[in-house]
Amino acid sequence: MKRGSVVRLTIALALAGASLFAAPTARAQQSGTITGRVVDEVSGEPVVAAQLSVVGTSLGAQTNQQGQYTIRNVPAGAHRVRAIRVGYAEVSDSVTVPTGGSVTLDLQMHTVAVTLTPVVTTATGEQRRIEVGNAVGQIQAAEVVQTQAVQSVGDLLTARTPGVQVLGGNMTGAGSRVRIRGNSSLSLSNEPIYIIDGIRMESSTNSTAIGVGGTTPSRVNDLNPDEIENIEVIRGPSAATLYGTDAANGVIVITTKRGRAGRPQWRAYVEQGLVYDNHDWPSGFYSFSAPAAPDEDPESCYNYLVASGDCTIDSSFVGNPATNDSLTPLGTGHRQQYGLQVAGGSEAVRYFVSGEWERELGLLEMPSAGRNRLEADGVNILEHWERPNTVRRASGRANLDIALSPKADLTVSTNYIALEQRFPQSDNNVNAWGPTLFASTSDGSYGFFDPADSFQDETWQDVDRLIGQIGTNVRPTSWLSLRGNFGLDYTSRVDQELCRFNTCADFGTNREGFKEDTRTNFYQYTADVAATGTFQLTPMLNSRTTAGVQFFRNLFDQNSAEGDQLPPGATQTSAAAVLDASESTSDSRTLGAYIEESLAWQDKLFVTGAIRTDRNSAFGRDFSAVYYPKLSVSYVISSEPWFPQPTWMNQLRLRSAYGASGRQPNPNDAAQFFSTITTRLDATESPGIVFNALGNPNLKPERSTELEVGIDGTFWDNRLNTEFTYYHKDSRDALIDRVLPPSLGIGSTSRLENLGQVVNQGVEGLVNAQLVDGAAFAWDVTLNGSHNTNELVELGKDIPPIIGTTIREIEGYPLFGYWERPFTYADADGDGLISETEIDVAEDAVFLGYSIPKTELAFVNGFEFWNRRFRLQALIDYKGGHKLYNNTERFRCVDAANCSGIGNPNASLFEQARAVAARVGEDGTERTLAGYIEDASFIRFRELSLTFTAPASWASRLGGRTLSATLAGRNLGFITDYTGLDPESNYGQGNVPADFLTQPPPSYVTFRINFGF
Amino acid sequence: MNAYITGPRLRRAATAALLAALPLAGLTACEEVDRSLAVTDPDIINPGDVNSAAAAEALRLGAIARLNQATSGGESFWLLGGLMADEWRSSDTFVQRDQTDQRAVEDNNANVSDAFRSAQRAFLAATIAGRELGDFEQPGWQVGEMHVIQAYIENLLGEHMCNGIPFSVLNAEGAEEYSPRLTTSEVFERAIAHADSAIAAASGDEADDERVRNAAAVMKARALVNLGRYAEAAAAVADVPTDFEIVNEHSQTSRSNQIWALNNSGARWTMSLGEGGNGLDFVVNDPRVPACRPSRTDEATVPAFLEPCPGGTASRPFDRATPVPFLVQQKWPERESPAAWVNGIEARLIEAEAALAGGGDWLGILNTLRAGVDGLAPLTDPGTAEGRVDLLFKERAFWLFSTGHRLGDLRRLIRQYGRAEDDVFPTGEWYLGASYGDDVNFPIPQSEHNNPQVDVPTDAPVCIDRNA
């Protein structure tokens, strides 16, 4: 969009929002109060936490624990009051407010069997779902956490809303990887941003300064899931426009629990669980020919050498340290969690206070053989060596809602998290425990180092995190609401690694001892100020106008010290003979402003238009500001009198939205700069400088525009809800890390340029139904799914294809697609073995498939029985249409030479052929890895839970109100054609999942008791 | 009852709405906004701060650091060239190293790309530093030193890469100036020109001037030898003392000796023992290429004279499936061991080659060199032209072990001495059961297609040809 047209649109929107400042202030003093009670129409019980609003104004209230509410400062005259709450059908009624007086309006709500939350959170505040032109994914976190084996926010997000792909962590404390509506960016992160209680949250993946080989934590998983009320997923630019630059990958909005007026409601919970591995680790296969002479060792005799007549197998061995009781580090982990929460308050002050302590011992433990060896050597075995993978977390939260006056509220949210997590050397790392199992030797022992040695390499991370938010909402008049929200997410992260003198795997200089200590501070600042005017333009037309300004700052500040060559007993860098220090800082700032106009016609047609502009410190010096427009329409077509009104249909809504958002470059991507380098000259370390980065003065954000259309319906007395959405996301000015020709010789290997175009399009669907809803038995199902196609439309003028070993970026194909030279094979001589002459490797690489799932489906079945006191729920998760490079098996065949295809004469022809193709190649040189790029589709039994809710009398006998117990399991099994350990084996947080000597995700079984009093 | 907007109110509303839109307009124009978004990053050095004599000196040190990284301080062509030739074998699991060892290198090989980029970084750093040193009228030997680095890199890449090497640079304004592909001969001619520039710049009487002139002389002679102009080469180095050398210094805090790191410590590389039939056996108890036996190496598989390695040496290869013995060099036995990248010994070897070509006392030159080392007996004349060339090149191989000369020498045996590729390079069955390929040099990385001066289809090789 050109600058001039943007300005015109801004003015047009502003004019449309005329009502903001045109309200009749003369009537401000002529106001009264609406009070009342909201009850269940069948039981007469109070409806707690129902949200009431005066239509056409910014006024509203929430019911307390007795179902009572009060709305003050309502202009005298006739009004309509609306009540909404999840689980109930929306109701409204008319009332006339007397000048200076009070009027009572009691409402009755009736339950509906299945319903989505009637309110969604948008960038400009809460809105009724039917008013929003987008599908917004919702996860009722509070409910899920109590009844499922959920260990992290990543687990909460997994398979619960369409279009959101979560690849979970592969060990205790490992971070998750989240993609919403596919990958859009070739060179920047494709992770969404996170908002918690209205402020930006530190959510980096790979959040560590010390690598252990791949597995890393994510800051998102610092949060305590038990403190979260709900999570909303804003899937793309059409909905995320007003979240500004950086929101193009979607926004995950987290709302924490808050208090409700009434006496204190306590809740205590205890969870105990087991963590275990549920996979068949591969054996190592070795075949040997007879020794040439009695005093010589036998030579390896691989299948393909037998096939070509180069050797004859004399002896074979099969070994597997993973299944050897004395050698395996795979044990059983233990998880425990204890929490106490209280919520309550008065009309004036409401509070929610929570505290939790959690410890998870991962499934790894020092193998007994190694332990015995160390003990025999007199080594004092430390606890951290015995159980090298642990998480300890304490979390405290205090949320306050204070009514400063009838016209002003104050909200305060504080969250403190103390975390310590330890990771063993893992994944792509010669010191790691996984590779040493995968590369097992012919005597059935470890391929590299004894885990008892590598577990002595201590790597841990301490996090102290404070998330603070303070917000005000001032309503000087009935039509005007002023909002301010300020917050800081501060994280202090200390990463340390220690190999004490004469400990750790005997590799390189490990056993000389070393210590690394890296201290990082993260600051995420948010300032968000907005004004909303709500006005009834005509009896049929309501207007809501919001204008606001936002400022975000992301500051990263790191200092690191490393010491090598430690004396015995020393554990600090300062004790080392060789010291090194470094520091790193980055600062990114965004200032944005927006204006949004929402019009509601007869409460059935809703039109919203908005525009946002952003400036950012990372933009190039020749680029000023970016503008993002938005337009959405929601039409409850079933409310039209001409529309058929069958009894089985409750509501049918059409919706569409168009919007734009962006992804900002990294802080220094636009700058041309030199860097420092140290050299040793004349026996002295001397500081030098070298040219590092070309910079790009024209750098601007990657811009994604998205069109979304959908249809939502509720049927059969609200027992069936459906949502179907089509989206088309077009990312232009895509930031491509343009590879610089090596002959240029500058430090950076690439320069970020706005070059490409990437398109994602797909469909999403959600169906939930209450199939049976009896007094004694109930059955509900939920099916959500999505299908996404991705295409790199343009890489950029004169940009050659980006070609990696197995991943290529080719126009007309998806981002991060797998490419390799295909091969065929035939056992021409019928000897059951494949030789290098029996494979045929194609000359050119071809596209083999997506690297992330194209299709996902999640199917939840819930049964309630025994007077609905028991609930049995199962979640089946399907992901498919993608490939995964089984680099682990490739390693075993090509490098470790212990895979079945190499050393097992009974291996399938395919196993042999792919090994020959990768290891030797056609005619000894034409190799391909195509045989290891495998279909990774799977069906996983993701969750199973059985919850018992005790009768109130049982709880009262214990002095409480509620009592429930849940037995739950996670990652209980899967079906796949993938030949690696697990199609979700992944240690990378990058754009392509990586299964390379990687441990698969663990399984969990937990038992939890919730007690309310 | 609510009030609805009427005419006067509409006008007020329009005015107010325009006020509301002010944040949008203000955001794009206000200087205060500019200030609030101005970020000073302490991690970087702005070009404006690199504009002084002190900065020129820092750039010079940067160029020396880059040269260090491109030679003994990195996984450079000092190692990769020896891996393609017969100095080294891979003892780890990386397929990229296997490709080089097998002489079947793909143009997206990350190791090769990194080594090529590292060499070009040294070239660019020297180019920029030389320019700045000149602008701020620093001593001539410093400018000459940068020209020597340029000449060194041109020689190194000319000896290792295929025909068609670009040398792009940045101009004084920091803008790219892309280079077309230069033929191997053009590259060596440029090396001669840069060496001459160095000699001209270092015209003073200080020790540093002499040091730079000696280095430039060896660089010039090396390029001349690569062009087959032996007599000119010998003349160029006539004044270079045999004991002259310039070393890369190493330390744990700046940069470890990477040959030590990748062989002695990391066990990812192992020394060769007569690789592929034609390869030399470098573990022959020669004091110029000392070696040791790691603790877990089977004594029966390695020469009996090897002494156990000192403490801190890797005990076995990174990849236990490595089918050749794990052998550790002791030429650079420690992390801090300095490595000479130019020396007077090479000058004498050049003179010997010129003497052999011109009928001079080549053997005397070689034996004079050997006399300076305990344990080296004098050589005898093998009596045949072919034998003399073999002996000369073997001497070069041992004197210059793993310093980026061996691959160039094997190529010269083909190019200048008429040997067949199969008589020079490792051939036959490669250890995984496959056979050796036919590479005699490294391809220009595929990413060089991003160079607008490389006018070839993106699916075609950048190299003009892969000949020796």
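**View 1. An open sheet of 4 strands in chain A.** The strand order is 39-40-41-44, and the pairing is antiparallel. Strand 39 (802-803) and strand 44 (846-849) of chain A stand at the edges. Each has a single partner strand, so one side of each is left without a neighbour in the sheet. The model shown here and in the other views is predicted.

**View 2. Strand 39 of chain A beside strand 40 of chain A.** Strands of a sheet pair through backbone hydrogen bonds, either parallel or antiparallel. Here strand 39 of chain A pairs with strand 40 (residues 807-809) of chain A in the antiparallel sense, over 2 bridges. Which residue of strand 40 of chain A stands opposite Ile803(A)? The residue is Arg808(A).

**View 3. Phe816(A), a loop residue with a positive phi.** Most residues other than glycine have a negative phi. Phe816(A) is not a glycine, yet its phi is positive, at about 55°. Phe816(A) sits in the loop between strand 40 and strand 41 (817-820) of chain A. Is Phe816(A) buried or exposed? With 21 other C-beta atoms within 10 Å, Phe816(A) is buried, because the cut-off is 20 or more.

**View 4. Asp603(A), in a loop between strands 29 and 30 of chain A.** Asp603(A) has a positive phi of about 55°, although it is not a glycine. The loop that holds Asp603(A) runs between strand 29 (578-601) and strand 30 (605-616) of chain A. Asp603(A) has 17 other C-beta atoms within 10 Å and is therefore partly exposed.

**View 5. Helix 4 of chain B packed with helix 8 of chain B.** Helix 8 spans residues 140-160 of chain B. The two helices pack at an angle of about 25°, with their axes 11 Å apart. Helix 4 and helix 8 of chain B are therefore roughly parallel to each other. Their crossing is left-handed. Arg60(B), Ala63(B) and Leu67(B) come from helix 4 of chain B. They meet Gln142(B), Met146(B) and Ile149(B) in helix 8 of chain B. By class, this contact has 4 nonpolar, 1 polar and 1 charged residues.

**View 6. The contact between chain A and chain B.** How many residues does the contact take from each chain? It takes 93 residues from chain A and 88 residues from chain B. On the side of chain B that touches chain A, several helices each supply at least two residues. They are helix 1 (7-20), helix 2 (22-29), helix 3 (31-37), helix 4 (53-69) and helix 7 (110-135) of chain B. The residues on this side of chain B divide into 45 nonpolar, 31 polar and 12 charged.

Conventions:
Residues are numbered from 1 along each chain as its sequence is written. Chains are lettered from A and ligands numbered from 1 in the order in which they are written. This is a predicted model: local features need pLDDT of at least 70, side-chain atom pairs count only at pLDDT 80 or more; totals for chains, interfaces and linings use all residues. Two residues are in contact if their C-beta atoms, placed from the backbone, lie within 7 Å. Ala, Val, Leu, Ile, Met, Phe, Trp, Tyr, Cys and Pro count as nonpolar, Asp, Glu, Lys and Arg as charged, and the others, Gly among them, as polar. Two strands pair if DSSP finds at least two bridges between them. A residue is buried if 20 or more other C-beta atoms lie within 10 Å of its own, exposed if 12 or fewer, and partly exposed in between; C-beta atoms are placed from the backbone. Axes are lines fitted to C-alpha atoms, for helices over the stretch in contact, and angles run from 0 to 180 degrees between N-to-C directions. Angles under 35 degrees count as roughly parallel, over 145 as roughly antiparallel, 65 to 115 as roughly perpendicular and the rest as oblique. A crossing is left-handed if the near helix is turned anticlockwise from the far one by less than a right angle, and right-handed if clockwise.
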